[in-house]
Amino acid sequence: MMLKTQEKIPANPEDKAKQIKQNVDELVKKSHVALDQMADFSQEQVDHICEAVATAGEKNAYMLAKMAVEETGRGIVEDKTIKNMYASENIWNSLRHEKTVGIIDEDKELGLTKIAEPKGVIAGVTPVTNPTSTVIFKAMLALKTRNTIIFGFHPQAQKCCVATGKIIQAAAEAAGAPKNAIQWIEEPSIQATSDLMNHPDVQTILATGGPGMVKAAYSSGKPAIGVGPGNGPSYIEKTANTDRAVYDIILSKTFDNGMVCASENSVVVDDVYDQVKAEFKRWNCYFLNKAEIKKFETHFIDPKRGTVAGPVAGKSAYEIAKLCGVEVPEDTKVIIAEYQGVGKAYPLSAEKLSPVFTLYRAKGHEDGFRICRALLNYGGRGHTAGIHSNDQKVIDEFAMKMDACRILVNSPAALGGIGDLYNNMLPSLTLGTGSYGANIFSHNVGAKDLLNIKTVAMRRDNMQWIKVPAKTYFEHNAANYLKHMPDVHRFFIVTDEGVADQGFADEITDIISKRRDNKEYEVFKAVTLSPDTEVVKDGVHRMKIFKPDAIIAIGGGSVMDAAKAMRLFYENPQMSFEEAYQKFLDIRKRVVRFPKHNKVKLVCIPTTSGTGSEVSPVAVITDAKTGIKHTLCDYALNPDVSIVDDQFVTELPQRLIAWSGFEALGHAIESYVSTMATDFTRGWSLEAIKTIFNNLEASYNGDLDARKRMHDAATIAGMAYSNAFLGLEHSIAHAVGASFDIPSGVSDAVALPQVIRFNAKRPEKLAMWPHYSVYRAESDYAEIARALGLSATTDHELVEKLVAKIIDLAHAVGIKLAFKEYGVNQKKFLAKVDELAVEAYGDQNTVTNPVSPLIAQISTLMKDCYEGKNIN
């Protein structure tokens with residue numbers, strides 16, 4: 001920006017305001033032209049420009065520092081020279097290899113690409129304390145990120161900042177930057193800076209200055225990056241290297257006369273107080289006496305603002321003493337006031353921005369922490385706190401207890417806080433204070449904070465898996481595996497009275513008795529048809545006494561489900577039943593974490609052919625208090641061994657063959673159409689479906705070979721649904737079955753035709769799962785029909801033929817397909833149906849249904865199930 005581009009400000013207030021606004025508007029328009037020109041710059045072009053700016057800043061570091069001290073009357077030329085060099089050299093070195101243009105990060109495995117874009121026109125507000133170095137720093141950040149910047153300089157540092165702006169502007173343009181990429185307000189004023197920050201075409205504010213200016217930036221209604229005040233304490237703990245600690249603090253406080261906002265404003269010392277005080281004296285630090293402290297307080301602190309008086313900040317210790325009416329030697333490095341309190345009643349406990357600090361004696365490190373926290377809370381929250389110690393536990397505790405974003409350990413705070421010189425923090429001249437200090441950032445501000453990061457997210461199916469028991473043994477007499485099962489000796493056998501009465505539990509104990517090693521067993525046969533939490537608690541109690549290393553569940557799904565829950569709560573007593581049945585969208589990301597490994601081995605031996613529980617991560621348990629069935633689902637529930645031995649199903653009653661057969665059929669069909677079905681699971685599902693249709697009726701009528709095939713089919717269906725999960729049919733069956741005491745296989749059979757018809761219609765509400773890329777339930781059902789040898793001209797006709805085949809099979813095995821046929825009172829059902837619909841919606845199986853149902857639709861489906869709608 002050239003001086004002549006802005007018109008002189010008239011004297012008339014109204015004309016003056018109008019002209020200021022017009023000048024700012026002109027700057028912003030030019031800045032946007034430059035912004036558009038830089039939009040297509042490559043990383044190489046941007047870096048070439050930034051390096052030119054850094055070179056120019058370093059080359060003119062001394063001259064600009066001298067101008068700054070002469071104009072502001074603050075600071076030390078040599079130190080401001082170092083600041084200018086730091087802003088050029090250290091900042092550029094940290095930016096040199098940073099990607100800020102185009103694709104800056106790419107993760108092909110996750111399918112995520114991050115693209116950097118500029119924020120736009122930046123309003124850069126600069127302070128009087130670090131004027132020229134801040135201009136270099138902010139201009140370089142802006143150019144590195146292809147932003148343009150318009151500065152509002154502090155009026156007391158206008159000349160040196162303009163000189164800095166001209167130098168880096170010329171260097172940038174010579175290196176290829178567009179004209180007006182760097183501009184500034186020619187005649188500074190509060191209104192001009194306010195107009196700049198509030199201009200609608202300024203995208204971001206980068207504000208360094210007093211609290212009022214930073215607050216104004218945040219009040220602009222647009223993104224603002226500001227900094228808070230620093231009233232940082234430094235704690236010298238008894239294990240510290242006191243000579244080094246004193247040296248660091250004096251270095252920090254005398255660097256540019258203490259104007260770096262991270263510098264120590266107070267020093268807190270515990271048991272080594274006298275030693276530290278003596279060392280400060282050896283370095284020509286002056287300790288104020290009580291009378292001098294009173295006089296000093298009067299002149300050093302601005303009574304209105306409660307902070308350091310304007311003329312004092314950045315002066316030498318000798319000059320400050322004169323301003324405050326105190327005589328000190330000319331070679332005084334730092335003025336120290338021994339203090340006891342913090343707050344308004346103790347003026348010198350505030351931020352000082354000068355080679356002055358207060359010294360506190362602490363009674364041990366807890367008292368030291370208390371004083372440091374009080375100092376931070378008095379105008380310095382979020383900024384910086386230092387500790388000098390060689391005790392790592394104390395350092396760690398200090399870091400945890402201080403409300404500061406920079407915890408500097410054994411370092412000079414002024415030079416440590418800005419990063420890079422005494423640590424590996426990002427070098428910066430804008431130090432965020434986080435929410436402690438009402439800032440947006442809690443770190444040292446860098447280039448990435450001036451970027452809009454676009455994320456390109458490629459569609460990805462999350463990694464899938466197949467998880468089944470480590471070992472599955474099948475064929476007649478497979479239970480003999482227990483004779484040789486390794487690394488187990490104490491067997492807790494879970495069953496129910498019916499199974500025990502059939503002699504199956506005795507058969508298992510006979511096999512265990514033939515083991516050659518040491519063995520003990522206990523039989524628990526208190527499992528009920530619908531196991532509830534009280535049964536599980538009873539089993540866990542017995543297990544705590546017996547201390548098993550293996551659990552053998554022999555029985556139907558109820559027994560195996562109960563055994564899974566018993567092992568879970570036996571090994572994890574801290575887990576509640578409510579936690580265990582919490583619903584999830586993705587089993588890998590669920591809120592409640594289940595154990596990854598089980599010490600006690602679980603062996604499941606089914607005595608029915610339907611639940612598939614012997615290979616599944618699912619257990620259905622009833623809450624004894626509410627009577628509601630809940631589905632527990634996690635791979636921690638998976639059995640370690642399943643034994644599919646048809647000797648245990650040869651004497652099944654007909655009704656149980658029919659019920660369990662339809663339970664298995666529901667598993668197979670629902671897992672085939674599930675939103676988590678895969679090519680791996682569909683093979684299992686389809687094989688189970690075909691086997692069931694070919695064998696269920698024959699098994700029902702006494703064919704033992706068909707019964708063996710049904711036994712295998714139920715396990716295969718269990719493997720499918722264990723990995724693909726189920727759908728709405730099971731949700732309805734669980735809710736209604738539990739409420740009206742209907743066997744699970746019957747409720748599955750009643751709900752299956754109705755849910756198939758519901759799912760086969762183009763949905764009102766689409767199911768959500770990345771793997772389920774398009775709605776396909778109708779075609780999936782049609783594919784099942786084709787696999788069964790059915791034919792038709794449309795998928796819709798095939799679905800109806802599949803439903804008809806299911807109805808025929810149900811009737812062939814004596815199952816009626818309406819809840820009303822099982823003694824369910826219509827009035828009671830209708831009174832409860834809406835509540836049951838909510839319950840079914842909350843069932844874990846609903847999550848993977850191919851149509852996302854509305855609760856009202858579930859209620860309607862339940863009514864159709866009650867009546868047996870369109871069932872011939």
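Me: Which residue is the bridge partner of Ser234 in S9?

Reply: That's Val267. The model here is a predicted one, by the way.

Me: What makes S8 and S9 a pair?

Reply: Two strands pair if there are at least two bridges between them. Strand S8 (residues 233-236) and S9 have 4 bridges, in the parallel sense, so they pass that mark.

Me: How do you know that both faces of S9 are covered?

Reply: Look at the residues on either side: Ser266 and Val268 are buried on one, and Val267 and Val269 are buried on the other. In general, side chains in a regular strand alternate between the two faces of the sheet.

Me: Where is Asp256, and why is it called buried?

Reply: Asp256 sits in the loop between helix H9 (242-254) and strand S9 (266-269).

Me: What is the order of the strands in the open sheet of 6 strands?

Reply: The order is S16-S23-S20-S19-S17-S18, with parallel pairing.

Me: What makes S16 and S18 edge strands?

Reply: S16 and strand S18 (520-524) each pair on one side only. On average, neighbouring strands in this sheet are turned by 15° against each other, direction ignored.

Me: How do you know that S17 and S18 pair?

Reply: There are 5 bridges between them, and at least two are needed, so they count as paired. The sense is parallel. Phe491, for one, stands opposite Tyr521 in S18.

Me: Why are S1 and S15 said to stand at the edges of their sheet?

Reply: That sheet is an open one of 3 strands in the order S1-S2-S15, with antiparallel pairing. Strand S1 (102-107) and strand S15 (451-457) each have a single partner strand, so one side of each has no neighbour in the sheet. Neighbouring strands here are turned by 25° against each other on average, direction ignored.

Me: What makes S2 and S15 a pair?

Reply: Strand S2 (residues 112-118) and S15 share 7 bridges in the antiparallel sense, and at least two are required, so they qualify. Within S15, Thr455 stands opposite Lys114.

Me: Why does Val649 count as buried?

Reply: Val649 has 1% relative accessibility, and the cut-off is under 20%, so it counts as buried. Its place is the loop between strand S23 (641-644) and helix H21 (654-673). Apart from residues up to four places away in sequence, Val649 touches Thr607, Thr608, Ser609, Arg707 and His711.

Me: Why is Thr631 buried, and what is it in contact with?

Reply: A relative accessible area of 10% is under 20%, so Thr631 is buried. Thr631 belongs to strand S22 (residues 629-633). Leaving out neighbours within four places in sequence, its contacts include Tyr581, Val618, His734 and Asp843.

Me: What volume does the second largest pocket have, and which residues lie nearest its centre?

Reply: The volume is about 1,000 Å³. Of the 46 residues lining this pocket, Leu529, Gly557, Ser558, Thr611 and Ser744 lie nearest the centre. Elements giving two or more residues to the lining include S22, helix H24 (728-740) and helix H25 (744-759). H21 gives the largest share, 6 residues.

Key: Residues are numbered from 1 along each chain as its sequence is written. This is a predicted model: local features need pLDDT of at least 70, side-chain atom pairs count only at pLDDT 80 or more; totals for chains, interfaces and linings use all residues. Side-chain values use heavy atoms; hydrogens and water are left out. Buried means under 20% relative accessible area, exposed over 50%, partly exposed in between (1.4 Å probe, protein chains only). Contact means heavy atoms within 4.5 Å. On a 1 Å grid over the protein atoms alone, a cavity is a set of points where a 1.4 Å probe fits but cannot get out, and a pocket is an open set with protein on both sides within 12 Å along at least five of seven lines; lining residues have an atom within 4 Å of a point. Grid points are joined across faces, edges and corners, and a volume is the space filled by probe spheres set on the points. Axes are lines fitted to C-alpha atoms, for helices over the stretch in contact, and angles run from 0 to 180 degrees between N-to-C directions.
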